Amino acid sequence: MKKKTSTASHKLPRVEDMLLISNIARHGSLTATADALEMNHATVFRRLIAMEQQWGQSLFNRNGRLYEPTAVGAMLAESGDKIISIAELAAGRVQASTSDLTGTVKLTMPIEILMYIIQPM
């Protein structure tokens, strides 16, 4: 029989939430985060409040408009940074694998190779 777990500590954080926390930690304010993510300031605030309620603790210390991550907030922000790095690496690999090569190829070889091996092709 499956054991029920109702505490917030057993829930996996949503990737979107970790990315938002990472951006708040990086930018230091909700306004700068909202601008960087092209989101509404109120939406960023509501999502942060919802995450703090989910986890049952503050993720940031507030000092006026400045937001400093708590220990848990810093841990989630670091994980979000890793997710961003992995996503950027994956995007770069996909782009590199799908880009077409263009340009001129110049070959230098002895005439014998050209006459007997390359030219008959």
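Colleague: What should I know before reading the numbers?
Modeller: The model is predicted, so local features need pLDDT of at least 70 and side-chain atom pairs count only at pLDDT 80 or more, while totals for chains, interfaces and linings use all residues. Residues are numbered from 1 along each chain as its sequence is written, and side-chain values use heavy atoms, with hydrogens and water left out.

Colleague: Where is Ser 22?
Modeller: Ser 22 is in helix H1, residues 15–27. Helices here are DSSP runs of H or I with at least four residues, strands are runs of E with at least two, and both are numbered from the N terminus.

Colleague: Is Ser 22 buried or exposed?
Modeller: Ser 22 counts as buried, because its relative accessibility is 1%. Buried means under 20% relative accessible area, exposed over 50%, and partly exposed in between, with a 1.4 Å probe and protein chains only.

Colleague: What does Ser 22 touch?
Modeller: Leaving out residues up to four places away in sequence, Ser 22 touches Ala 77, Gly 80, Asp 81 and Ile 84. Contact means heavy atoms within 4.5 Å.

Colleague: Different topic. Which residues of H2 are buried?
Modeller: In helix H2 (residues 30–37) they are Leu 30, Thr 33 and Ala 34. Seen down the H2 axis, they fall within an arc of 100°, so they line one face of the helix. That arc is taken from the directions from the helix axis to the C-beta atoms.

Colleague: And what do they pack against?
Modeller: The buried residues of H2 pack against H1, helix H3 (41–55) and strand E2 (66–69).

Colleague: What comes just after H2?
Modeller: Glu 38, which takes a positive phi of about 55°.

Colleague: How many salt bridges are there?
Modeller: The structure holds 6. A salt bridge is a side-chain nitrogen of Lys or Arg within 4 Å of a carboxyl oxygen of Asp or Glu.

Colleague: What does Arg 26 pair with?
Modeller: Arg 26 forms a salt bridge with Asp 81, with the closest N and O atoms 3.1 Å apart. Arg 26 lies in helix H1 and Asp 81 in helix H4 (residues 71–98), so the pair ties together parts that are 55 residues apart in sequence.

Colleague: Which residue does Glu 52 meet?
Modeller: Its side chain meets that of Arg 62 in a salt bridge, 2.9 Å from N to O. Glu 52 counts as buried at 10% relative accessibility, whereas Arg 62 is partly exposed at 34%.
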